[in-house]
Amino acid sequence: MEPVDAALMERRLHDVGLPLLVAAAEWCPFEQESTYGFLLKDEGGSHDQAGQSTGRKAIVAYVHSQLAAASTGLSPGDRVVQVNTQRVGEAGAEDVMRQVRRLTAARIQPLLLEVERGAERRMVAMWAVPACQFSLRLIESEQINGVSNGRQVAVTTGAMRFFAWDDELAWILSHEIAHNVLSHVDSAKLRLALGAFLGATVGPSAGPAVSPPSRSLEAQADYVGSYLMARAGYDLDAVRRVWQRLANIESRQAGLGYEVLRSHPTTVERLADFEQTLKEIKEKRRRGESLQPRVEQAP
């Protein structure tokens with residue numbers, strides 16, 4: 001995979017995923033953090049004779065167009081000079097973000113950043129919004145799949161290419177975020193299946209083949225994921241498109257890496273359940289009710 005391709009995928013992953021994490025915030029009160037919608041990276045720098053990094057610059061790597069940082073005019077490439085009253089000097093991006101998180105956890109709002117763009121310096125102020133504390137990541141694999149482990153939500157590069165529309169990608173992410181919100185990683189089968197998948201895609205698997213996760217868990221994640229998509233403002237018609245596309249490859253799944261089809265209910269089952277969920281969501285909207293799913297513990 002070319003570096004430019006990876007960078008574009010990372011940006012798209014956060015473009016689509018961050019609004020979902022914000023929309024799900026009240027469902028993960030114990031796994032929650034505040035976000036401003038920007039990411040930093042290190043640029044420049046060298047190492048002295050002792051091997052210490054010098055001359056690093058913490059610069060803005062990413063800004064989500066719908067969240068707080070974008071409204072201040074913060075832009076990729078801006079160098080962070082000061083966080084509130086503290087100069088950052090040559091602190092790296094990880095150290096600066098740790099400082100931002102500490103201030104935010106202490107409810108020191110708004111966050112003040114002095115940034116440098118060329119010869120110009122300016123101060124920006126932004127307020128955080130709550131979001132689920134699940135990191136988003138890519139797995140380089142031609143399989144079409146998404147996975148979650150309670151702390152992370154990951155999709156394969158194959159899935160990123162296959163689901164070209166953002167609303168379709170939002171459905172895959174919503175489903176995996178729902179697994180985390182519902183604590184499905186506590187299921188032994190899901191843990192084993194996740195470990196086997198990650199072993200097959202990012203390293204050799206040391207264990208034997210395992211059973212797929214319970215289909216009742218997958219159906220529950222479909223249900224909550226649909227609500228999450230609706231809360232985040234994504235087009236639920238994309239769910240139908242996803243299953244229509246997957247239906248076209250169900251007969252060709254063997255040996256082609258479409259692992260998502262092996263551990264999930266069939267397309268027909270999922271579509272029928274979705275129609276009921278969509279009807280439920282529309283009725284709640286008509287009555288002006290909040291979009292809260294009714295969830296029972298899966299066996």
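Hi everyone, thanks for coming. Where pLDDT is low, the predicted coordinates should not be read in detail. If you are setting up a calculation, please keep those two stretches in mind.

Now the overall picture. The protein has nine helices and 13 strands. It runs to 299 residues, and buried ones make up 46% of them. The accessible surface comes to about 15100 Å², with 51% of that belonging to carbon and sulfur atoms. As for contacts, take the pairs at least 6 apart in sequence: 65% of these join residues at least 24 apart.

Let's zoom in on helix H3, residues 93-105. Its 13 residues reach 18 Å from the first C-alpha to the last, close to the 18 Å expected at 1.5 Å a residue. Which residues of H3 are buried? They are Ala93, Val96, Met97, Gln99, Val100, Leu103 and Thr104. Looking down the axis of H3, you find these buried residues within an arc of 155°, so they line one face of the helix. The spacing in that list has a simple background: an α-helix has 3.6 residues a turn, so residues three or four places apart point the same way. On the other side of H3, Glu94, Arg102 and Ala105 are exposed.

And what do the buried residues of H3 pack against? Quite a list of strands: S1 (32-35), S2 (38-43), S5 (57-63), S6 (79-83), S7 (86-87) and S8 (111-117). Just after H3, the backbone at Arg107 takes a positive phi of about 60°.

H5 is mostly covered, with 14 of its 16 residues buried. After H5 comes Ser183, whose phi is positive, near 60°.

Side chains of opposite charge can pair when their charged atoms come close. How many salt bridges does a search of the whole structure find? The answer is 21. Let me walk you through a few.

First up is Glu142 with Arg161, where the closest N and O atoms are 3.2 Å apart. Glu142 sits in the loop between strand S11 (135-139) and strand S12 (146-148), while Arg161 belongs to helix H4 (residues 157-162), so this pair ties together parts 19 residues apart in sequence. Glu142 counts as exposed at 57% relative accessibility, and Arg161 is partly exposed at 38%.

Next, Glu275 and Arg240, with their closest N and O atoms 2.8 Å apart. Here helix H9 (residues 267-286) supplies Glu275 and helix H8 (residues 237-250) supplies Arg240, so the pair ties together parts that are 35 residues apart in sequence. Glu275 is partly exposed, at 31% relative accessibility, and Arg240 is partly exposed too, at 23%.

Then there is Arg287 with Glu283, the closest N and O atoms being 3.0 Å apart. Arg287 has a relative accessibility of 42%, which makes it partly exposed; Glu283, at 26%, is also partly exposed. Beyond pairs, there is a network of salt bridges linking Arg79, Arg87, Glu114, Glu116 and Arg121.

One last stop, at Leu112 in strand S8. Is Leu112 buried or partly exposed? Partly exposed, because its relative accessibility is 31% and the cut-off for buried is under 20%. Setting aside residues up to four places away in sequence, Leu112 touches Gln82, Val83, Asn84, Met123, Val124 and Ala125.

How values were computed
Residues numbered from 1 in each chain as written. Predicted model: local features only at pLDDT ≥ 70, side-chain atom pairs only at ≥ 80, totals over all residues. Heavy atoms only, no water. Salt bridge = Lys/Arg side-chain N within 4 Å of Asp/Glu carboxyl O. Helix = DSSP H or I, 4+ residues; strand = E, 2+ residues; numbered from the N terminus. Buried < 20%, exposed > 50% of the residue type's maximum accessible area, 1.4 Å probe, protein only. Contact = heavy atoms within 4.5 Å. Areas by Shrake-Rupley, 256 points an atom, 1.4 Å probe, with all protein chains shown as cover. Expected span 1.5 Å × (residues − 1). Arc of directions from axis to C-beta.
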